[in-house]
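Here's a walk through one structure, starting with a loop and ending at a pair of helices. Keep the viewer open as you read.

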Amino acid sequence: MTRLLTGIQSSGRPHLGNILGAIKPAIELSKSPDKECFYFIADLHSLTSIKEADQRRENTLAVAAAWLAFGLDTSKNLIYRQSKVPEVCELSWYLNCFTPLPMLQNAHSFKDKSAKLAEVNSGLFTYPVLMAADILLYDAELVPVGKDQKQHLEMTRDIAGSFNHQYGDIFVLPESKIDENVMTIPGIDGQKMSKSYQNYIDIFLPEKKLRKNVMQIVTDSTPLEEPKNPDNCNVFALYRLLASPSEVEQMRKNYEGGNYGYGHAKQALFEVIRDQFTQERERFDYYMSHQQELEEELKKGEAKAREIASVTLGRVRKVLGF
Ligand code: ADP
Ligand code: TRP
């Protein structure tokens, strides 16, 4: 059994980019019988940006509901809240004391974020150490992440390697699994879809709001009757990710033939989202309105996660003399 682990921050509701770029591929991986997957909600990490308790609680549940709505099988895999395994904070402290300061100072993600933010807290700075603890605590072997997280994985390996060098084989060295083919899903403004840019499509919205969300996609002002270039259009870029090849071909012809407006294309995109995710949308709503059930799934994962965490932490405490 190979142990896979990945986390998604609860800094917002999961959007189409998170779903196509992270959740769906991770669930596909979890179906392989020789893999055991630990998928968690990085709610402690979200504290670096979100300070509102209700907002975090809601986002945390929404991320959990999305994993379950997309079919994560919790009889073989685990889903849990990072904060419910407080052992991770203890390990994070130990690892901090083995992390050279320049390693954190050179982190691209910290440099990018701190250049944009008005207030930079030290949680943002030590973020990669908590992430290393997330991974090392569970002896994870493979960590599927987006390209932006590659450096964090290298840091995890470096920290674990230098710890092992001093104390013997305490940690498993994880490999990152970066799918170079996963494309960056564009948002309604054509930039990378992201919670931070407020340009996302929330596929879990009720039908009317979802349609409104799709209608917000920015297009140019080519008049309805004129032919249009599908390859320059955000609506088409999203449609081709979801519709069947023949539907995509048809839409391309419609664009090129003229007398086909962006409104028509948006309507088709809305319908394909609604129809393709009918079951997932229903299941998401089910879990969001049956939070007790969601809570039970999470608790089941958290109990197992803590058992494993306490074993690893036991090894660490012992060699450190605590
Ligand atoms: P956001 O940018 O919305 O804050 P996160 O950084 O929390 O998203 O990313 C969570 C996961 O979703 C990561 O694995 C990331 O690679 C993936 N992801 C986020 N946005 C996109 C996108 N636009 N296209 C593809 N994958 C994405
Ligand atoms: N930093 C990751 C992100 O923003 C989320 C994360 C936290 C994570 N801990 C992790 C991912 C451990 C993989 C493994 O996308």
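Asp139 sits in the loop between H7 and strand S4 (142-144); helices (H or I, at least four residues) and strands (E, at least two) are DSSP runs, numbered from the N terminus. This is a predicted model, where local features need pLDDT of at least 70 and side-chain atom pairs count only at pLDDT 80 or more, while totals for chains, interfaces and linings use all residues. Residues are numbered from 1 along each chain as its sequence is written, chains are lettered from A and ligands numbered from 1 in the order in which they are written, and side-chain values use heavy atoms, with hydrogens and water left out.

Back to that loop. Asp139 has a phi near 50 degrees, a positive value in a residue other than glycine. Asn259 is another such case, with phi near 55 degrees, and its place is the loop between H11 and H12. Is each one buried or exposed? Asp139 counts as buried at 18% relative accessibility, whereas Asn259 counts as exposed at 56%. Here buried means under 20% relative accessible area, exposed means over 50%, and partly exposed is in between (1.4 Å probe, protein chains only).

**Around ligand 2**

Which parts of the fold supply the shell around ligand 2? Strand S1 (2-9), strand S2 (35-42) and helix H7 (122-136) each give at least two residues to it. In total, 14 residues surround ligand 2, and His45, Tyr127, Met131, Asp134 and Gln149 are the closest; a residue is near a molecule or strand if one of its heavy atoms lies within 4 Å of it. Sorted by class, the shell has eight nonpolar, five polar and one charged residues. For those classes, Ala, Val, Leu, Ile, Met, Phe, Trp, Tyr, Cys and Pro count as nonpolar, Asp, Glu, Lys and Arg as charged, and the others, Gly among them, as polar.

| Residue | Ligand atom | Distance |
|---|---|---|
| Tyr127 | nitrogen of ligand 2 | 2.7 Å |
| Asp134 | nitrogen of ligand 2 | 2.7 Å |
| Gln149 | nitrogen of ligand 2 | 3.0 Å |

On its own, ligand 2 has 370 Å² of accessible area, and the protein covers 88% of that. Accessible areas come from the Shrake-Rupley method with a 1.4 Å probe; for residues, only the protein chains shown count as cover.

Tyr127 has a protein partner as well: its side chain and that of Gln9 are joined by a polar contact of 2.7 Å. A polar contact is a pair of N or O atoms within 3.5 Å; within protein, one must be able to donate a hydrogen and the other to accept it, and residues adjacent in sequence count only if both atoms are side-chain atoms. Gln9 belongs to strand S1 and is buried, at a relative accessible area of 18%. Leaving aside neighbours within four places in sequence, Gln9 is in contact (heavy atoms within 4.5 Å) with residues including Ala42, His45, Tyr127 and Lys195.

**Around ligand 1**

Lys195 turns up again here. Of the 13 residues around ligand 1, His15, Ile185, Met193, Ser194 and Lys195 come nearest. By class, that shell has four nonpolar, seven polar and two charged residues.

An N or O atom in the side chain of Ser194 is 2.8 Å from an oxygen atom of ligand 1, and one in the side chain of Asn18 is 3.2 Å from an oxygen atom of the ligand. Ile185 uses its backbone instead, with an N or O atom 2.9 Å from a nitrogen atom of ligand 1. Taken alone, ligand 1 exposes 540 Å², of which the protein buries 82%.

Ser194 lies in the loop between strand S5 (175-177) and helix H9 (207-215). It is buried, with a relative accessible area of 8%. Beyond its neighbours within four places in sequence, Ser194 touches His15, Asn199 and Tyr200.

Tyr255 is in helix H11 (residues 245-257) and counts as buried at 1% relative accessibility. Among its contacts outside four places in sequence are Pro227, Cys233, Phe236, Tyr260 and Ala265. Phe236 is 19 residues from Tyr255 in sequence, with 9.2 Å between the two C-alpha atoms.

How do helix H12 (residues 262-276) and helix H13 (residues 278-289) cross, and at what angle? Their axes come within 4 Å and cross at roughly 65 degrees; axes are lines fitted to C-alpha atoms, for helices over the stretch in contact, and angles run from 0 to 180 degrees between N-to-C directions. Arg274, Asp275 and Gln276 in H12 meet Thr278, Glu280 and Arg281 in H13. By class, this contact has no nonpolar, two polar and four charged residues.
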